[in-house]
Amino acid sequence: MTVLALAFLSLAVWIYLVAFRGRFWLCDQRLDAATPAPPSSWPGVVAVVPARDEADVIERSLGSLLAQDYPGKFSIVLVDDSSSDGTGDVARRLGASHPNGARLTVVQGSPLPKGWTGKIWAVATGISRADKPDPDAPYLWLTDADISHAPGVLRALVARAETGKLDLTSVMALLHCKSAWERLLIPAFVYFFQKLYPFPRVNDRADKLAGAAGGCMLVRRAALNAIGGIGKIRSAVIDDCALARELKRNGPIWLGLSRDVRSIRPYDGLAGVWKMVARSAYDQLGYSPPMLAGAVAGMLIVYLAPPLLALGLPWHGSALAASLGGAAWVLMAFSYIPTLRLYRQPPVLGLLLPVAGVLYDLMTLDSALAYYRGRGAYWKGRAQAPRDSR
């Protein structure tokens with residue numbers, strides 16, 4: 001491919017992404033924007049929280065659930081998934097001392113059966129116990145143990161679900177973004193996720209594309225039962241999107257953003273983000289070598305080529321190629337601004353999106369290497385998708 005052809009291709013891709021990829025970059029699907037009117041009666045909700053070695057954050061996240069300002073019946077089932085750090089004990093102490101502690105039930109998880117990923121088994125355990133606090137609750141709120149919710153989040157979720165008759169209402173949590181590596185990589189992660197699953201398309205009932213964010217998912221219980229229960233996705237590594245696909249076959253879903261739903265666990269530098277991405281990146285590609293090759297090459301063409309073309313004029317000597325590459329780079333940075341604003345980061349960071357793109361390319365390659373070494377997706381001491389399970 002000639003330099004000029006590469007420049008034309010890069011710019012054409014960015015024109016397509018900005019103009020025709022489902023308005024993914026606008027970040028305009030917000031839980032807190034134009035919140036629907038409250039329902040005439042507030043349905044019961046049971047929150048299910050899988051927790052494995054979360055002692056350092058569980059008091060804050062669980063405290064945010066206990067403090068929900070929800071007018072209807074609300075209960076919480078926390079599943080201590082074989083924690084080694086006293087997570088369950090911390091949760092029990094909080095329940096005993098909190099004014100709303102009666103809402104909380106702490107359940108000890110059972111050994112992981114073959115064919116299940118750890119988180120989904122813990123969720124299944126929690127769902128099986130949800131009948132005890134409220135057998136008639138129409139909704140299950142599946143939320144992670146490192147997510148903190150503002151007091152009005154459940155009220156907003158239920159209002160949106162009831163108004164839209166949604167089977168799944170999901171919010172992508174605002175991820176921890178304070179260190180230099182987090183500022184470089186975390187908004188980019190959210191941007192890439194939106195590009196992969198454009199939220200307006202996910203929320204379009206006529207569009208088959210489905211996606212969700214596992215940190216905060218309000219699920220209509222009847223809809224979950226209709227697909228055969230949570231066991232339908234028992235082996236899924238990217239379980240949130242797998243659940244969204246199953247549910248959207250039968251009913252509408254909604255995916256949005258909110259600053260009121262926050263991940264409170266910081267990432268341990270580059271290694272922390274790397275581990276988070278590499279554990280599931282190759283699963284996203286279906287464990288397919290051709291898909292891997294295409295994804296890696298595509299990321300290089302789309303993200304790395306524009307700045308190299310713009311800055312490499314003395315090397316390649318084509319002013320037109322440099323101009324086209326510069327235009328693609330500017331368009332890329334421009335489309336990144338709404339995500340940077342969501343994370344309250346300066347727009348100038350948009351010029352560094354190519355750096356993040358290259359690093360995510362390397363994380364994806366590392367994910368594939370781990371798979372072919374027989375380790376698969378590995379998280380909190382457990383191999384979630386060993387090679388022999390595929």
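## A buried threonine

A residue counts as buried when its relative accessible area is under 20%. In this predicted model, Thr117 has a relative accessible area of 2% and is therefore buried. Thr117 belongs to the loop that runs between strand E3 (104–108) and helix H4 (118–129). A polar atom of the Thr117 side chain lies 3.3 Å from the backbone oxygen of Ala236.

## An exposed arginine

Arg205 is exposed, its relative accessible area being 56%. The residue sits in the loop between helix H7 (199–202) and strand E7 (216–220). Apart from neighbours within four places in sequence, Arg205 is in contact with Gly164, Leu166 and Pro252. Towards Gly164, the side chain of Arg205 reaches the backbone oxygen at 2.6 Å.

Arg205 and Lys248 are separated by 43 residues in sequence, and their C-alpha atoms are 8.2 Å apart.

## Packing of helices H6 and H14

Helix H6 (residues 180–196) packs with helix H14 (residues 319–342) at an angle of about 105°, and the axes are 10 Å apart. H6 is therefore roughly perpendicular to H14, since angles of 65 to 115 degrees fall in that class.

On the H6 side, the contact is made by Leu184, Pro187, Ala188, Val190, Tyr191 and Gln194; H14 contributes Met332, Ser335, Tyr336, Thr339 and Leu340. The contact of H6 with H14 comprises 8 nonpolar and 3 polar residues, with no charged residues.

## Confidence

The protein chain has a mean pLDDT of 94, with 95% of its residues at 70 or more. Residues 386–390 have pLDDT below 50, and this stretch has 12 contacts in the model beyond near neighbours in sequence. Where pLDDT is low, predicted coordinates should not be read in detail.

Technical notes. Residues numbered from 1 in each chain as written. Predicted model: local features only at pLDDT ≥ 70, side-chain atom pairs only at ≥ 80, totals over all residues. Heavy atoms only, no water. Axes fitted to C-alpha atoms, helices over the stretch in contact; angles between N-to-C directions. Helix = DSSP H or I, 4+ residues; strand = E, 2+ residues; numbered from the N terminus. Parallel < 35°, antiparallel > 145°, perpendicular 65-115°, else oblique. Contact = heavy atoms within 4.5 Å. Nonpolar A, V, L, I, M, F, W, Y, C, P; charged D, E, K, R; others polar. pLDDT = per-residue confidence, 0-100. Buried < 20%, exposed > 50% of the residue type's maximum accessible area, 1.4 Å probe, protein only. Polar contact = N/O pair within 3.5 Å; in protein donor to acceptor, adjacent residues only side chain to side chain.
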